[in-house]
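Please study the sequence and the structure before reading each solution.

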Amino acid sequence: MGHPIAHSMSPALHRAAWEQLGLTGGSYERVEVPEGGLARAVEELHGAGGVRALSVTMPLKAEALALGVAGVGADEASRRAGGANTLVWHDLGWWAANTDVPALERVIGRNLPEGRRGPAVLLGSGATARSALLALHRTGVTKLTVVVRREVRPELHTLADELGVGLTVARLTGLDGLLRGAAGDGPRQGTAAPLLEGTSAPLLVVNTLPAGWWETLPAPAWGQEGAGLVWVDAQYADWPHPWAAAAEGSGARVVSGLHMLVEQAVDQVELMTGHRPTAEGTAGGLPAELRALHRL
């Protein structure tokens, strides 16, 4: 459920996971629900058709959390992030969960060298950024530079304080200079040096900004200055956006948001069915050319 929803890849992912697990007798469909309409839509579908589980996308994640809080509960990730993307019916009501957080945690962990945790940069401060902050905290990040267009939203500040993560704020207009010079294991150069001082670990960048923003900020003309970057994106539509392409062209390790989407679907399927598919089997529902583009 969400708005808009026609572009959603979740049906392909969930159906592929069910096929891998040998599950039959159910269906998984898209339902367009405008903001403010989740509770009524869920009540109607559950009462009329016996719907027992839902994936919830924007702009309904806060409403999904509210249904869980009013029902049988919500997991820690959804409570702290302020939003849920999964609802599962239990005998007395709905249970809410946020599978974005563990999904992103696994994606980050797979793409950083073993044992090498260093500085991190978070792009954006909205609802997705709160999930990213939780995932970063779980991977051991204690200091974070948050890059925003204007101001960091109060909810992100509050969550960082609760987690004990120290925040430094930077502006998006200075992102090029902030990241420039974050190369490999050699001497630290340029304006990225303060972020990297005292560590040989890669600079981790997690992007939660919406797609349209990257078309308005000129992409950098880096040489090989991105060789020390690991860029993990929440975006996957119109991939790659100009900054992701520039980062990869400069030697960065770049991971699209489709990896996170697949991983969160794996957790959703387990919550909904009691059976856990593999990420490979779940991604198998996507077109081969799309998997190739995103290196899935």
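**Exercise 1.** Determine which residues lie nearest the centre of the second largest pocket.

*Solution.* Val-254, Val-255, His-259, His-294 and Arg-295 lie nearest the centre, among 15 lining residues. A pocket is an open set of points on a 1 Å grid over the protein atoms alone, where a 1.4 Å probe fits, with protein on both sides within 12 Å along at least five of seven lines; lining residues have an atom within 4 Å of a point. Helix H5 (100–111), helix H10 (242–249), strand E10 and helix H13 (288–294) each give two or more residues to this lining. Helices (H or I, at least four residues) and strands (E, at least two) are DSSP runs, numbered from the N terminus.

The model is predicted: local features need pLDDT of at least 70, side-chain atom pairs count only at pLDDT 80 or more, and totals for chains, interfaces and linings use all residues. Residues are numbered from 1 along each chain as its sequence is written, and side-chain values use heavy atoms, without hydrogens and water.

**Exercise 2.** Identify the strands at the edges of the open sheet.

*Solution.* The sheet has six strands, in the order E7-E6-E5-E8-E9-E10, with parallel pairing. Strands pair if DSSP finds at least two bridges between them. E7 (166–171) and E10 (253–255) each have a single partner strand, so one side of each lacks a neighbour in the sheet. E10 pairs with E9 (residues 229–233) over three bridges, and Arg-253 of E10 is the bridge partner of Val-230.

**Exercise 3.** State which residues of H2 meet H3.

*Solution.* Leu-38, Ala-39 and Val-42 of H2 meet Glu-63, Ala-64 and Leu-67 of H3.

Terms used. Contact means heavy atoms within 4.5 Å.
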